[in-house]
Amino acid sequence: QAHGFDPMALLVVRDDRYLDFAPSVRTRASLKPSIEQHPGLQAKERGLRETFGTWWTSSRPTLKRIPGNTQLMTVRARLLKSFAETLDGDLQGSGLLNRYQIEGAIAAWWYEVRNELKALAATGFEGLVDGWVTFIQDALQDEDAAGGKFDPLEHKLVKHLLADYLEEVRALEAKKADLKGQVDASKGSEEEDADEEEGLSEEEIKDLKRQLTAVKKALRKLMDQVSQRLVKARKALTPAAVETLVLEILREDLANQLDRYITAHRTEVVTAFETWWDKYRVTLGELEAARDAARNRLEGFLVELGYRS
């Protein structure tokens with residue numbers, strides 16, 4: 001009920017005391033997609049996200065005034081209060097998220113982006129974005145010098161400004177994985193007996209290796225362009241576009257926090273049905289019938305073997 005899911009979508013009445021799983025529910029694996037695709041559940045989640053969207057729109061003026069504001073904790077208190085009132089008031093009694101989870105979502109978000117908000121207050125929207133660019137460039141240099149593990153493609157600024165670039169990288173990475181898989185498979189086929197099914201020829205294997213080398217080279221070249229492309233994309237942004245970009249990144253961060261709570265609650269619903277399936281899908285009567293049938297078969301075997309008359 002809290003998540004908008006009608007249990008009778010998966011259950012049928014056996015009698016005045018018991019329910020059974022519906023005949024359409026044939027496997028345990030089908031429970032999760034059936035629950036996730038339920039119209040009531042989707043409507044409840046959509047309603048929560050729409051309420052969040054309304055709150056965000058109303059809170060944008062507060063966030064726009066953060067540059068130059070030295071009272072960030074006052075801003076935090078105002079956002080937390082309005083967030084809790086809007087979501088809790090709109091969903092009063094629904095149970096999808098309780099007040100502690102609602103407050104926890106924005107508190108966790110604030111903690112996660114606190115450094116960005118401090119930079120925003122000190123340097124403004126453009127200063128924050130320029131700081132992100134510098135951070136990525138410095139991290140790339142440190143990685144080259146010390147073999148660090150920072151992945152510039154995972155930075156939220158890169159994901160927003162270089163979406164087309166990331167598609168190029170992913171396409172090359174997929175091609176690299178495919179070619180490597182074919183090359184590795186060809187090595188295994190070389191070790192098989194001559195009587196086995198004929199694999200790739202030596203020339204075909206060499207061609208695969210040439211293609212793999214070329215893709216690796218193209219991927220390295222593309223990765224070397226992260227800083228250059230990022231700077232170019234940053235210069236193309238107007239002040240208004242920079243402000244919109246920063247606010248959208250902050251919105252996504254908070255939306256992700258909210259989604260984590262929604263996903264956790266949805267998982268509880270799925271887990272409840274999976275537990276019922278594990279415990280009650282096969283009834284005691286069916287277990288006893290199977291036991292009796294097995295006993296009768298055993299008795300028949302014993303008679304045939306001469307152990308019973």
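**Pockets, a surface patch and salt bridges**

About 380 Å³ of space lies in the largest pocket. This is a predicted model, in which local features need pLDDT of at least 70, side-chain atom pairs count only at pLDDT 80 or more, and totals for chains, interfaces and linings use all residues. Residues are numbered from 1 along each chain as its sequence is written, and side-chain values use heavy atoms, with hydrogens and water left out.

A pocket here is an open set of points on a 1 Å grid over the protein atoms alone, where a 1.4 Å probe fits and protein lies on both sides within 12 Å along at least five of seven lines; lining residues have an atom within 4 Å of a point. Its volume is the space filled by probe spheres set on the points, which are joined across faces, edges and corners.

The largest pocket has 13 lining residues. Leu11, Leu19, Asp20, Phe21 and Tyr280 lie nearest its centre. Two elements give two or more residues to this lining: strand 2 (19-21) and helix 9 (239-280). Helices (H or I, at least four residues) and strands (E, at least two) are DSSP runs, numbered from the N terminus. Strand 2 gives the most, with three residues. By class, the lining has nine nonpolar, one polar and three charged residues. Ala, Val, Leu, Ile, Met, Phe, Trp, Tyr, Cys and Pro count as nonpolar, Asp, Glu, Lys and Arg as charged, and the others, Gly among them, as polar.

The second largest pocket holds about 230 Å³ of space. Its lining includes Glu112, Glu154, Lys156, His160, Asp253 and Arg260. Helix 4 (99-146), helix 5 (156-161) and helix 9 each give two or more residues. Helix 9 gives the most, with five. This lining divides into one nonpolar, two polar and eight charged residues.

Leu19 also belongs to a nonpolar surface patch of about 270 Å², made with Met8 and Val13. Such patches take residues with over 30% relative accessible area and no salt bridge, and join nonpolar side chains (Val, Leu, Ile, Met, Phe, Trp, Tyr) within 5 Å. Areas come from the Shrake-Rupley method with a 1.4 Å probe; for residues, only the protein chains shown count as cover. Val13 sits in strand 1 (residues 11-13). Val13 is exposed, at 57% relative accessible area. Buried means under 20%, exposed over 50%, and partly exposed in between.

Now the charged pairs. The structure holds 22 salt bridges, each a side-chain nitrogen of Lys or Arg within 4 Å of a carboxyl oxygen of Asp or Glu. Arg266 pairs with Glu45, with the closest N and O atoms 2.8 Å apart. This pair links distant parts of the chain, from helix 9 to helix 2 (residues 39-64), 221 residues apart. Arg266 is buried at 13% relative accessibility, and Glu45 is buried at 6%.

Glu168 bridges to Arg229, with the closest N and O atoms 3.0 Å apart. Glu168 lies in helix 6 (residues 163-190) and Arg229 in helix 8 (residues 226-235), so the bridge ties together parts 61 residues apart in sequence. Glu168 is partly exposed at 36%, and Arg229 is partly exposed at 26%.

Lys180 and Asp184 form a salt bridge with closest N and O atoms 3.1 Å apart. They are four residues apart in helix 6, so about one helical turn separates them. Lys180 is partly exposed at 40%, as is Asp184 at 36%.

Notes: Patches are made of residues with over 30% relative accessible area and no salt bridge: like charges are joined within 9 Å, nonpolar side chains (Val, Leu, Ile, Met, Phe, Trp, Tyr) within 5 Å. Buried means under 20% relative accessible area, exposed over 50%, partly exposed in between (1.4 Å probe, protein chains only).
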